[in-house]
Amino acid sequence: MNTVEAELFTPAPEWTGRNDGPGPEHARWHSTVQPAQETPDNAVALLGFASDEGVLRNGGRQGAAAGPEALRTALGSLAIHHEHPLYDAGTITTQGDNLEQAHDALSDKVEELTAKNNLVIVLGGGHETAFGSHRGAYQTHGPLKIMNLDAHFDLRQADQPTSGTPFKQISELSDDFDYSVFGISKPNNTPVLFQEAEDLGVEVVLDEELLNLTPEQAGELAAKAVENKDKVHLSIDLDVLPAHTAPGVSAPAALGVSLPHIHAMATAITRTGKLALVDVVELNPDFDIDNRTAKAAARLIDDIVTAHVSS
């Protein structure tokens with residue numbers, strides 16, 4: 001990490017949470033996760049990306065920069081039922097409007113972590129997170145299959161990166177762009193974006209289609225999408241969830257895809273054993289109610305980790 005990137009990096013914070021006593025029988029995230037003072041090996045590594053510059057550029061509600069802290073807080077008291085090593089690799093923070101430099105720092109850190117065979121879980125941040133995180137894993141693994149659980153394509157063309165451009169940016173990294181997006185809201189994506197998706201060969205599953213399936217069927221469909229793939233990048237934009245489940249996002253969903261469906265798809269993808277990178281994005285604590293969004297996201301992260309450990 002160069003000098004500029006180092007200025008954007010903050011080491012892992014001290015985790016806190018409920019304490020029922022010492023010993024593994026009382027293990028919780030806050031008592032288990034360790035600061036990554038050196039690059040861990042064959043572990044689960046969390047990495048924050050405290051950015052909402054991309055949301056601002058995209059005309060959305062700011063506040064996602066506080067997402068990593070809120071996600072750590074929501075995870076802290078969740079009980080641990082495995083012995084797999086968990087590390088916190090700190091946080092990359094945009095300063096001012098320097099999203100591009102923050103993306104460079106994020107990519108370098110993800111590359112460092114994925115090169116040591118860690119499952120990297122990036123805590124966003126706006127969905128601009130996905131470009132920096134993907135590019136880092138790409139530098140380690142080459143092209144990855146992208147599974148995006150999202151109400152939006154995020155395939156916009158723009159003069160500068162925003163929270164609406166990450167997958168268009170990724171499509172320009174190589175000729176092997178392999179992108180599926182499950183949960184698309186037709187009224188919230190223009191015909192231009194649907195045409196862009198078609199031109200890029202994107203697999204599209206609408207929110208209405210998913211809601212006509214059982215959670216188990218949705219999980220099977222998601223697992224099928226990564227068949228014959230090597231490494232997978234799972235991106236979860238919390239605005240795919242209904243507004244009553246996830247009010248704390250930039251663009252709450254009028255319909256959305258239920259948490260049981262999203263949970264089934266995320267864990268089914270993880271159980272394939274192909275998952276290399278996860279990002280969980282768009283948590284905006286300023287608009288959350290009773291920490292509902294943070295708690296839903298923490299449950300997804302915890303169950304992804306559990307599925308990864310057992311896969």
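Is Phe-167 buried or exposed, and what is its relative accessible area? In this predicted model, Phe-167 is buried, with a relative accessible area of 0%. The legends below begin with its surroundings.

**Figure 1. Stacked pair of Phe-167 and Tyr-179 in the predicted model.** The ring centres of Phe-167 and Tyr-179 lie 4.7 Å apart and the planes meet at 15°, so the pair is stacked. Phe-167 belongs to helix H7 and Tyr-179 to strand E7 (residues 179-184); the pair thus links distant parts of the chain, 12 residues apart. Tyr-179 is buried, with a relative accessible area of 2%.

**Figure 2. Residues annotated as "binding site" in UniProt.** According to the unreviewed UniProt entry, this annotation covers His-127, Asp-150, His-152, Asp-154, Asp-237 and Asp-239. These residues span 113 residues in sequence, yet no two of their C-alpha atoms are more than 12.3 Å apart, so they gather at one spot. His-152 occupies the loop between strand E6 (145-149) and helix H7 (166-171), and at 19% relative accessibility it counts as buried. Leaving aside neighbours within four places in sequence, the contacts of His-152 include Tyr-179, Asn-188 and Asp-239. Asp-237 is located in strand E9 (residues 232-237) and is buried, with a relative accessible area of 1%. Among the residues that Asp-237 touches, not counting those up to four places away in sequence, are His-127, Asp-150, Asp-154 and Glu-282.

**Figure 3. The largest nonpolar core.** In soluble globular proteins, nonpolar side chains tend to be buried together. Of the 49 residues in this core, Trp-29, Ile-121, Met-147, Phe-182 and Leu-234 touch the most other members. Helix H12 (residues 292-310) supplies the largest share, 8 residues. A second, separate core of 18 residues includes Leu-47, Leu-106, Val-120 and Leu-277. Not counting residues up to four places away in sequence, Phe-182 touches Met-147, Leu-149, Asp-150 and Val-240, among others.

**Figure 4. Stacked pair of Trp-15 and Trp-29.** The structure holds 4 aromatic pairs. In the pair of Trp-15 and Trp-29, which is stacked, the distance is 6.2 Å centre to centre, with 15° between the planes. Trp-15 lies in the loop between strand E1 (9-10) and helix H2 (29-32), and Trp-29 in helix H2, so the pair ties together parts that are 14 residues apart in sequence. Both Trp-15 and Trp-29 are buried.

**Figure 5. The cis peptide bond between Gly-124 and Gly-125, with helix H6.** Omega of this bond is about 15°. Gly-125 is placed in the loop between strand E5 (119-124) and helix H6 (129-141). Helix H6 has 13 residues and reaches 18 Å from its first C-alpha to its last, close to the 18 Å expected at 1.5 Å a residue. Its buried residues include Phe-131, His-134 and Arg-135. Gly-142 follows helix H6 and has a positive phi, near 80°.

**Figure 6. Positive phi values at Asn-42 and Asn-117.** Phi of Asn-42 is near 50°; this residue lies in the loop between strand E2 (34-35) and strand E3 (44-50). At 41% relative accessibility, Asn-42 counts as partly exposed. Asn-117 has a phi of about 65° and is found in the loop between helix H5 (99-114) and strand E5. At 47% relative accessibility, Asn-117 also counts as partly exposed.

Conventions
Residues numbered from 1 in each chain as written. Predicted model: local features only at pLDDT ≥ 70, side-chain atom pairs only at ≥ 80, totals over all residues. Heavy atoms only, no water. UniProt positions renumbered as here; feature names shortened; annotations may be inferred. Helix = DSSP H or I, 4+ residues; strand = E, 2+ residues; numbered from the N terminus. Buried < 20%, exposed > 50% of the residue type's maximum accessible area, 1.4 Å probe, protein only. Contact = heavy atoms within 4.5 Å. Core = buried A, V, L, I, M, F, W, Y, C linked by side-chain atoms within 4.5 Å. Expected span 1.5 Å × (residues − 1). Phe/Tyr/Trp six-rings, centres within 6.5 Å; stacked < 30°, edge-to-face > 60°.
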